[in-house]
Amino acid sequence: MVGEIAKHAAMIVHGEAWTTKELFTLPNEYIYWSIQIVMYPYMTGLVAGAFVLSSLYHVFGVVKLKEIARFSLVFSFALLPVAMMPLLLHLQQPFRGINVMMTPHFTSAIAAFGFVFSTYACIVATELWLVYRKFFVETALALKAQKDRGIIDSFRFLMFKMLTLGAWDIGHEALEKDHKACKIMASIGIPVACFLHGYAGFIFGSVKANALWMTPLMPVIFICSAVVSGVALCILCYVVVQEIRKFMAKRKIARWAKDPNAPSIEELEGAKHEEVMIASNYLMYFMIAALTLEILDLIFRGYTQVKSWDILREVIMERDFNKIFVLQYGLGNILPFLLMVLPGRTVRRTTIATVLVLFGVFMMRYNVVIGGQAFSLSFAGFMDYTLPIIPHDLETFKEGLFGALTVAVTPFVLFYFINKVMPAFLKEESTH
Amino acid sequence: MERREFLQKCIMVIVGASVPVSALTLIDPKKVFAENPQIQWAFLVDTNKCVGCGFCVKACKTENDIPFDAHVSRTWVERYVYTKDDKRYVDSPDAALYGFTESRIDLGRGEYKEIDKDNVGKAFFVPKLCNHCSSPACTQVCPVGATYKTDDGVVLVDRTWCIGCGYCIMACPYGARFFHPIAKVADKCTFCYHRLSKGLDSACVNACPFKARRMGNIHDKNDPITQIIMNERVGVLKDEFGTKPQAFYIGLAQEVR
């Protein structure tokens, strides 16, 4: 009996569980790339965007963004491992995933991803180390001086000792060198971050079989929307974390209970306002760029009217109209833009705008990935995607709502732990 | 060591090392060990002869262990019906595994359309399978090189190496690929490579009662299939993608995509 059920379950082809076919579609056509492939460019985009925001301070010296820049860098490090997660969850043979690094087949746009990604991870890690080296040394020295360390403090001492990598010099000259090196790493990091994400765009843009995906604009569109989503997420998290800190300062919990030098509520509020305003300006610039390119692509398709336009028009203008024009452009682009551009902008209004922007970019990824598979290669039929919500097997969990939520929540969990080792909000003098 | 001497030795080492390295590129093991480099398999479909019996699909699924109740197939047959009031209907219920036993058209979502017999302008069947393209988009995009083209022109998948990313499925303009429901890797028509290499016909060619499906060696000018491809008007599917398909069609209508 069990064997029979298993046999029956095995007969459900990958993709069949969430695809509804209409009119004439080829027998093997399903929505093979589902929610995890929506999450993949979304998460890499957040990584790249967060890094670009942090570079604004490190490379271009936008001093006013100092605090949010450090936060973004730590956050982008927390996001990094998560960019890989959706890919692994989506693979039919996840244990063979490492083959991409072992026998890369370089004519494939995915083959170099592992290498670009690792390079980028090294750059972010190096930059973080340079930023936090002084903190590591100071903490390690303080723990060393402590007479009787408990188990936890002994472990912390060992960890921070290791994190210094034996570089204990925190004299002025050494720190200046760190600062310089950090700037160099950040400036290498920007093109690599853009490449990482433009590359994700290339993976889609180079699929010649897919009429919606195939456009050379795809990598550029992806980079712009990546920066938009990354900056928006950093602003949002920054505001939320500052609110939590304000709450703690008011109630005098944690650090505020014992440390008289802890920032006061007014200090927190002032810093927050200024940083959010400047960061949201950058957010708007990138939003304009992203929207322009997306609309250009759409107009170009409508104007040239090649063979695929008939079916694309039906998908874009009729079947997915609400998803594209109402949710993505209306709610996710125009409304937040208005919220930010109308006079009397406040932190609260900007925060609401960032939530909408994040939603808008997610919808853009969704409309590209799922929308690109919404029509048949025969141009004579359509496929509808239904997100599996209640999982009934591993596949509907992995590629369903809960799989996507797992991916979305992980960076915040990671950030919590990384923040313990590399506090994103340090007093000025401890870091660069 | 003098600088001059050092440079001389350097040059000697470089020249010496480059000889075996260049030998590696001169001798391509793939070419040397190819079983039949003089063979290039091609497929010929005569759409005029196909009656939509579905024997080819059955034979293929049986031969290649594709479960009958799995809604995927390495080969399938499409039915095209044009009405006199200028409407076009296409379907392929269950990939034509059980043939076209009903006259109504499958519209998907459990809906069907019965067409008035007097209103039918023209109707025909088109068998489809992997085109084993000369420049395949699917092998290009495989990130691990698990799918490849053999020297005798057949595109294959290495089931032990495929990671199941689905990029090849996305890249194929013909919808010829799918995930095998049990092996959990990309799967596709192999031209029954295991039969070909033993001198047998592929399962679908063998099963076709009307010789609508045939195979031949396009490098052999005397092969009857090559003769037809050379001398008659044949077409290929979706040539705009530049994949150079090796499945040729007699009587191809422009609406067939």
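This is a predicted model: local features need pLDDT of at least 70, side-chain atom pairs count only at pLDDT 80 or more; totals for chains, interfaces and linings use all residues.
Biologist: Where should I begin with the place at which the two chains touch, and how many residues of chain A are in contact with chain B?

Modeller: A contact here requires C-beta atoms within 7 Å, and by that test 42 residues of chain A are in contact with 44 residues of chain B. On the side of chain A that touches chain B, β1 (19-23) and α4 (99-102) each supply at least two residues, and the largest share, four residues, comes from β1(A). By class, that side of chain A has 21 nonpolar, 15 polar and six charged residues.

Biologist: Which residues have the most contacts inside the largest nonpolar core?

Modeller: That core has 188 residues, and those with the most contacts inside it include Met43(A), Leu79(A) and Ala171(B). If we set aside neighbours within four places in sequence, Met43(A) is in contact with Leu79(A), Val82(A), Ala83(A), Pro86(A) and Val407(A).

Biologist: How many residues does helix α7 of chain A have, and where does it bend?

Modeller: Helix α7 (residues 172-205) of chain A has 34 residues, and from its first C-alpha to its last it reaches 49 Å, close to the 50 Å expected at 1.5 Å a residue.

Biologist: Why is chain B described as more spread out than a compact globule?

Modeller: Chain B contains eight helices and 13 strands. Its radius of gyration is 23 Å, well over the 18 Å that the globule rule gives for 257 residues, so chain B is more spread out than a compact globule. Along its principal axes, the C-alpha trace of chain B spans about 95 × 40 × 35 Å.

Key:
Residues are numbered from 1 along each chain as its sequence is written. Chains are lettered from A and ligands numbered from 1 in the order in which they are written. Ala, Val, Leu, Ile, Met, Phe, Trp, Tyr, Cys and Pro count as nonpolar, Asp, Glu, Lys and Arg as charged, and the others, Gly among them, as polar. A nonpolar core is a set of buried Ala, Val, Leu, Ile, Met, Phe, Trp, Tyr and Cys residues joined through C-beta atoms within 7 Å. A residue is buried if 20 or more other C-beta atoms lie within 10 Å of its own, exposed if 12 or fewer, and partly exposed in between; C-beta atoms are placed from the backbone. The expected span of a helix is 1.5 Å times one less than its number of residues. The radius of gyration is taken over C-alpha atoms; the globule rule is 2.2 Å times the number of residues to the power 0.38.
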